[in-house]
Amino acid sequence: MNEEGHLITVDSASLNDQVQAVLVSPLLDQERWSCVRLVYQITGGGSLQLHLRPEGDNFDYPLWTASRASDSWIIASVDLANTTTRYQILLGGRPERGSGNSVAIFEIHIVPGYCMECNFEEHHLCGYSNSWNPNVNWYVGGTVAREPESNLLVNHANKKQRSYYMYVDSVYAKHFQEVAKLTSPMTTVPIAGCLSFYYNRDQEIGNIFSVFTRDQLGHYEEIWRPGVYTTSGWTQVSVDIKAPHPLELVFEVAFNSARGGYVAIDDISFSPEFCHTDTEPTFDPSIANCDFENGLCLYHQERTESKLWSIVSVKPNAYGTGDHTTGTGRFLVANTRFTLQPGYVGRLHGPLLPGNHKYCLRFYYLLHGFRKADNALFLYIYDENNVAQEKVWSLTDSSRAVWTEVEITYMKPMFSKVVFVSICKNFWECGLAAIDDITVSLGDCRMTAGSLPGQCDFEGGLCGYTQDKREDKADWLRIRGHTPTSFTGPRGDHTTGVGFFMYIEASLMRPGDKARLLTSDLRGSSSPQCLVFYHHMYGSGTGILSVLLRRAGRQRDTLLWRRRGEQSISWMRAMADYHCDVRHQIVFEAIRGPTLRSDIAIDDIHFKRGPCEDLDDVPPYSGFSEYFNEIAK
């Protein structure tokens, strides 16, 4: 390790009023895939985070975090994907308040290659860890370490003076199925390619050697098992892996007895090219995405005399809810007024997706008028022969006029597709069932990462947003559900329909009072920025919502976007372009209107690099209050 024995540390006493201490690397130019290796220790309570700061970007991107206290040094490995953009690495230490809490770093190394690669020649073993078992464990073998008693292995790469590998021996096994596990560092970015390693195996009575992947939820998937019991020497193995989400490699050996032989591994490597030509390329399930703005995408209805699903749009108004995507776009409805009929079954078929993949399906639904919601909407998985395999979801509540998100994780061994079904048994119980914004991605829905930097849906808090105490006379409030005052405010949030959003409560303010919500300090960017957010301005007394740019050191804010008066009963998408290369903040300013029906809400804020692709050009809805007595003055 570090020969001089120096380290860098932060404790709660040295922070004063600060939350964390940040260590910033020089500007790095790493066009190849690299791996950051840290030797660190957390004493007492605290955490350590690693962020990536691309040059010319407003935000830092979290790659890794640790919060487990330890009485010894711990090795962590974090992948850095190849990029042509220069960047810096930030290490943030956050010891908890109180004595005895500290975060320390002993070594930082950036090496070329993938973090799962290892030849076991270094003391840190590339961050691989052994799951401790009283009787069988993975050990370092080679010219210095203890050799397996049953055989003297020679490292295949050999013939070097120092040559190490990892091995596990059954000599101390006392129970049936004693298991030893060697686990790689968790990947931090999606990877797909060829995993290669060497192994040497001997079996006198019995051992079971397997290689698994394990995801963040603890789910195992076996990716390889040897076809022979004994090898005459080192044997190379190549196996293709696809990892759309973080995972670990687990080399597992189970022994049946103390005469179960040994297993050794060495020279683990990874290539972004698949090992086998017949391996299917990584599949992009986004072909099943659809927001219905430009038609049915790859979805289709069953061929019947009457098409029961129709694409509709609703202009901004104070009575009917618009689509989920923008508030002014299109969505799909079963049983519209033009097709209203009793005793129908409407089926909407999605595109076929390959089997043996775990998929995360998300969509939004909206109901109008159903007396009984039992048959309003179902979701089935069909095979390629149009045979229903499973009903994976059905409506269990009777929420009305709120776009509500549904998440479904499913996996089938064959080609399959999703089918949306709406049933109407008789005229008096039927209503309108709508769907919008269908997305399909690989992996379990529960493994989806939280909000990225520059994104905030307010589900987990305020995302660093703060109230402006300098100029305003009221605060933005975080709430879920509907707002207290009738005929104003949303019935639910935009993100899920049942989550949180920010709003001003007009009953707590006077006409003309301002409430300002500020982002955290943004560094500034060399490229244009696009601010996307959703707003809700419904109520006959609705005031003004403005988005302002506050540059560091300047007295006056710059207006980026503004809406005045009642806009719609729906959540409406807004976009604003801006360019600022100095430190700044974005300000969301709401001004209360002349009456209590003046609630204003915002949700799902997102900063994107580059100019806005499709600036909203829909004229705002002119309600009763658009030109109220200029209360902004």
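Biologist: Thanks! Why does Leu548 count as buried?

Modeller: This is a predicted model, and in it Leu548 has a relative accessibility of 7%. Buried means under 20%, so Leu548 at 7% counts as buried.

Biologist: Where does Leu548 lie, and which residues is Leu548 in contact with beyond its neighbours in sequence?

Modeller: Strand β35, residues 544-551, holds Leu548. Leaving aside neighbours within four places in sequence, Leu548 has contacts with Arg516, Asp557, Thr558, Leu559, Leu560, Gln585, Ile586, Val587 and Glu589. Take Arg516 from that list: Arg516 and Leu548 are 32 residues apart in sequence, with 9.8 Å from C-alpha to C-alpha.

Biologist: What makes Leu23 partly exposed?

Modeller: Its relative accessibility is 31%. Leu23 has its place in strand β2, residues 21-24.

Biologist: Which residues form a nonpolar patch with Leu23 on the surface?

Modeller: Ile8 and Ile108 form the patch with Leu23, and together the three have about 230 Å² of accessible area.

Biologist: On to the cysteines. How many disulfides does a search of the whole structure find?

Modeller: Seven disulfides turn up. One of them joins Cys118 and Cys126.

Biologist: How do you know that Cys118 and Cys126 form a disulfide?

Modeller: The sulfur atoms of Cys118 and Cys126 are 2.0 Å apart, and the cut-off is within 2.5 Å. The pair therefore meets the definition of a disulfide. The link of Cys118 and Cys126 is right-handed, with 80° about the S-S bond, and both cysteines are buried.

Biologist: And for Cys290 and Cys297, buried or partly exposed?

Modeller: The two get separate labels. Cys290 has a relative accessible area of 4%, so Cys290 is buried. Cys297 has 43% relative accessibility and therefore counts as partly exposed. Their disulfide has an S to S distance of 2.1 Å, and the link is right-handed, with 80° about the S-S bond.

Biologist: Why is the disulfide of Cys360 and Cys445 called right-handed?

Modeller: The torsion about its S-S bond is about 110°, so the disulfide is right-handed. This pair links distant parts of the chain, 85 residues apart: Cys360 is in strand β23 (residues 357-368), while Cys445 is in the loop between β28 (432-442) and β29 (455-456). The sulfur atoms are 2.0 Å apart, and both Cys360 and Cys445 are buried.

Biologist: What makes Cys580 buried?

Modeller: Its relative accessible area is 3%. With the cut-off at under 20%, Cys580 is therefore buried.

Biologist: Finally, what pLDDT does the protein average?

Modeller: The average is 86, and 88% of the residues score at least 70.

Note on methods
Residues numbered from 1 in each chain as written. Predicted model: local features only at pLDDT ≥ 70, side-chain atom pairs only at ≥ 80, totals over all residues. Heavy atoms only, no water. pLDDT = per-residue confidence, 0-100. Patch = residues over 30% accessible without salt bridge, like charges linked within 9 Å, V, L, I, M, F, W, Y side chains within 5 Å. Areas by Shrake-Rupley, 256 points an atom, 1.4 Å probe, with all protein chains shown as cover. Salt bridge = Lys/Arg side-chain N within 4 Å of Asp/Glu carboxyl O. Helix = DSSP H or I, 4+ residues; strand = E, 2+ residues; numbered from the N terminus. Buried < 20%, exposed > 50% of the residue type's maximum accessible area, 1.4 Å probe, protein only. Contact = heavy atoms within 4.5 Å.
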